[in-house]
Amino acid sequence: MKSNRSDLKATFYIIHLNLMILAAGAVSAAEAPLKKTVFSFNDFAEKRDGGSFVFLGGHSSIDGGALQLTPDTTNNDFSHYNKSGRILYHQPFKLWSSDDPASNENLASFSSYFLMNIYRKPEWTPGSGFSFLLAPNLSIPDSSHRGWLGLTNSSTDGHAANQFIAVEFDTEKDEHDPDSNHVGLNINSVVSNQTVSLAEFGFEISPQQGTNYSVWIDYDGAAKLLTVRMARGASSSRPDSPILNQTINLKQFVNRHSFLGFSGSTGYPNIQLNCILKWSLQIEILPSDASSAALIIALAVGIPGVAAAAAFTIVLVFYMRRKLNQSSEENVPERVRRMPGMPREFRYRDLKKATGNFDERMVLGQGGYGTVFKGVLRNDFSGNVSGEGSELVTEIAVKKFLRESVKGKDDFLSELAIIHRLRHKHLVRLVGWCHEKGKLLLVYDYMPNGSLEKYLYNPADPNVLTWGRRFKILTGVASALHYLHNEYDERVVHRDLKASNIMLESDFTPRLGDFGLARVLDNGMTSYAEQGLLGVPGTRGYVAPECLHTGKATPESDVYGFGAVVLEVVCGKNPGVPISVEQDTFPLVDWVWMFHREGNILNAVDEQLKDEYEAEEAKRLLLLGLACSHPTASERPNTQAIVQIMAGNAPAPYVPPFKPTFSWPSAGNSAPSTAESLLSIYTS
């Protein structure tokens with residue numbers, strides 16, 4: 001294992017060096033950033049995300065799924081008075097390479113998207129505002145409340161030593177402001193160099209009814225142009241025209257290494273809640289001085305050297321892949337045994353005996369990964385005592401992966417690495433594993449009632465799946481999905497939510513299973529494409545439209561799959577099978593939307609239920625299913641909202657009468673380059 005990892009690291013180093021040489025042959029070292037990095041937060045949780053930020057001022061926090069720049073409460077007005085805060089990403093970013101003031105080099109370009117909400121009670125007068133900030137350090141000035149916006153104070157305002165640039169969203173008019181509803185560009189001062197009133201765009205950033213606004217702030221390092229764009233709601237469609245644009249050379253005003261984040265303040269008696277609900281950032285990572293020198297040297301090698309390096313890389317890749325494949329048989333068990341908290345390792349002969357030599361009559365289900373068998377374990381199944389006539393102790397489900405499939409090994413290790421640490425009452429529990437002589441098996445709790453799919457389409461008794469049981473099943477699956485996305489110590493996206501993967505205990509308690517497609521997302525990432533895990537996972541009818549266009553899977557695409565399951569359970573129809581209406585056919589979601597548009601959405605409820613269902617619950621679930629099926633990922637509810645809606649603690653979501661059209665995801669979420677995807681294969 002150790003030597004394999006050393007060889008793999010050496011391979012990656014050579015591949016990386018040769019790719020650098022190839023890049024240098026196309027563009028000059030001074031012009032080409034090495035790569036781009038992206039972090040993206042679709043919501044915020046203190047336990048999961050607190051370490052990614054620095055909270056300054058004593059009043060900023062993560063609460064309610066958002067970054068709160070100032071106190072987050074509506075219960076005590078006094079607690080809001082004269083407060084300021086900053087929240088900065090924990091690491092600085094390099095904005096240019098050379099310290100030579102005469103250098104005319106390009107600066108790092110960046111694109112930042114965030115979803116903001118400035119909330120106030122109707123009786124509150126809004127004040128003071130917040131800003132997107134490039135800051136020189138992890139500090140906040142004293143007495144920076146009221147109109148100082150957490151940026152400066154009366155003694156420091158306007159000083160060049162401040163070294164900040166901010167885009168302010170101001171809700172209180174001072175003598176230097178055009179009104180109490182504007183955007184401004186600030187350089188070392190709260191007195192803006194440029195301001196734009198938002199009234200002319202139809203935006204009011206602090207209305208009596210709290211409203212979300214999407215904001216895009218982009219900086220073109222070559223053109224030295226900063227632009228600000230806005231749209232109402234959680235929009236994924238970036239407007240073509242900016243509301244503010246300004247040519248500015250960051251090198252003249254900010255630190256070479258600057259922190260990015262937000263600042264905000266309140267005053268007296270003007271107060272508000274300053275919230276950031278989402279935030280993503282894409283920024284060019286500039287080469288270090290040493291890297292730049294290496295690229296220049298590489299250029300001197302010339303085209304023949306580049307060709308030789310490329311050929312050598314190709315040969316080496318094939319050699320290492322073959323070597324790793326040859327050694328994978330002996331590596332798998334060792335890798336599994338090192339996983340902390342791993343359950344029991346079974347012997348193959350014990351599982352073979354438990355399943356009757358994998359008898360076809362014991363088959364519970366089949367898929368692209370292999371077959372699931374029912375098994376019966378008896379006392380001392382390790383084989384130390386004869387099993388003849390011994391007492392039955394437990395029933396199990398044994399998943400046997402395809403023996404000859406390399407992908408089967410990947411699925412086996414992926415599922416094992418994820419599910420062995422998951423602990424939730426609505427997730428199938430892993431009992432153990434086995435890997436012997438190329439045979440890959442996972443052992444789970446046996447679910448006596450099988451899958452939900454069986455009861456929806458092939459029931460022995462159509463009356464078994466009552467409304468109460470359907471509601472209980474969907475509530476349990478929602479709870480499990482919320483755990484995977486937000487409560488587990490790593491964010492897990494299932495990628496294959498469907499009725500056949502929802503297993504039922506004897507009392508119809510649901511357990512979500514089959515994690516063969518699931519992946520853990522690294523902190524700060526929201527899609528598999530950001531980790532080089534491309535492809536369109538899932539099953540027809542349950543796959544979100546953006547996955548088909550981008551090859552990405554995200555928490556939002558899981559929510560889409562859950563929406564398909566909700567509609568399937570309430571309507572008793574398969575999302576992957578078109579529904580015939582007169583001479584036309586409709587997907588399930590369009591069929592339900594048609595009833596919603598006509599004002600009789602309850603006509604979509606499964607006819608087998610007759611009138612034996614709760615109309616209010618059914619309507620709430622159908623609207624939730626449509627909201628989760630929104631073609632635009634950012635418009636779908638998150639799992640926290642889903643759980644609250646299903647529990648009746650939040651109203652049913654608003655669903656427009658006509659189904660919205662699909663819009664392309666923003667360019668900031670594009671798939672990685674071919675080179676980045678290639679590198680990810682050898683570093684995973």
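A: Among contacts in the chain with a separation of 6 or more, 70% join residues 24 or more positions apart; a contact means heavy atoms within 4.5 Å. This is a predicted model, so local features need pLDDT of at least 70 and side-chain atom pairs count only at pLDDT 80 or more, while totals for chains, interfaces and linings use all residues. Residues are numbered from 1 along each chain as its sequence is written, and side-chain values use heavy atoms, with hydrogens and water left out.

Q: How many helices and strands does the chain have?

A: The chain has 13 helices and 28 strands. Both are DSSP runs numbered from the N terminus, helices being H or I with at least four residues and strands E with at least two.

Q: And what percentage of the residues count as buried?

A: Of the 684 residues, 52% count as buried. Buried means under 20% relative accessible area, exposed means over 50%, and partly exposed lies in between, with a 1.4 Å probe and protein chains only.

Q: Turning to the backbone, which peptide bonds are cis?

A: One of them runs from Gly127 to Ser128, with omega near 10 degrees. Ser128 is placed in the loop between strand 7 (110-119) and strand 8. Another cis bond goes from Tyr268 to Pro269, where omega is near 0 degrees. Pro269 belongs to the loop between strand 15 (257-265) and strand 16 (273-285).

Q: What about phi? Where is a positive value found in a residue other than glycine?

A: Gln163 has phi near 50 degrees, and Asn188, also not a glycine, has a positive phi of about 60 degrees. For context, most residues other than glycine have a negative phi, and most peptide bonds are trans.

Q: Where do Gln163 and Asn188 lie?

A: Gln163 is in the loop between strand 8 and strand 9 (165-170). Asn188 is in the loop between strand 10 (182-187) and strand 11 (194-197).

Q: Is Asn188 buried or exposed?

A: Asn188 is buried, because its relative accessible area is 6%. Gln163, at 26% relative accessibility, counts as partly exposed.

Q: Which residues does Asn188 touch?

A: Leaving out residues up to four places away in sequence, Asn188 touches Thr152, Asp157, Gly158, His159, Ala160, Asn162, Gln163, Phe164 and Phe253.

Q: Back to strand 8 for a moment. What is known about Phe130?

A: Phe130 lies in strand 8, residues 129-135. Phe130 is buried, with a relative accessible area of 0%. Between Phe130 and Gly85 there are 9.3 Å in space, C-alpha to C-alpha, and the two are 45 residues apart in sequence.

Q: New topic: how many aromatic pairs does a search of the whole structure find?

A: The search finds 29 aromatic pairs. Rings of Phe, Tyr and Trp (its six-membered ring) pair if their centres lie within 6.5 Å; planes under 30 degrees apart count as stacked, over 60 as edge-to-face and the rest as tilted. One of these pairs is Phe44 with Phe53, which is edge-to-face at 5.9 Å centre to centre and 65 degrees between the planes. Phe44 and Phe53 are both buried.

Q: Why is the pair of Phe358 and Phe373 edge-to-face?

A: The pair is edge-to-face because the planes stand at 70 degrees, with the ring centres 5.2 Å apart. Phe358 lies in the loop between helix 4 (348-354) and strand 18 (363-367) and Phe373 in strand 19 (residues 370-378), so the pair ties together parts that are 15 residues apart in sequence. Phe358 and Phe373 are buried.

Q: Which residue lies over the face of Phe358?

A: Lys400 does, at 4.2 Å from the ring centre. A charge sits over a ring if NZ of Lys or CZ of Arg is within 6 Å of the ring centre and within 35 degrees of the ring normal. Lys573 likewise lies over the face of Trp591, at 5.3 Å from the ring centre.

Q: How many disulfides are there?

A: The count comes to zero disulfides, a disulfide being a pair of cysteine sulfur atoms within 2.5 Å. Among the cysteines, Cys547 counts as buried at 4% relative accessibility, and Cys571 is buried at 2%.
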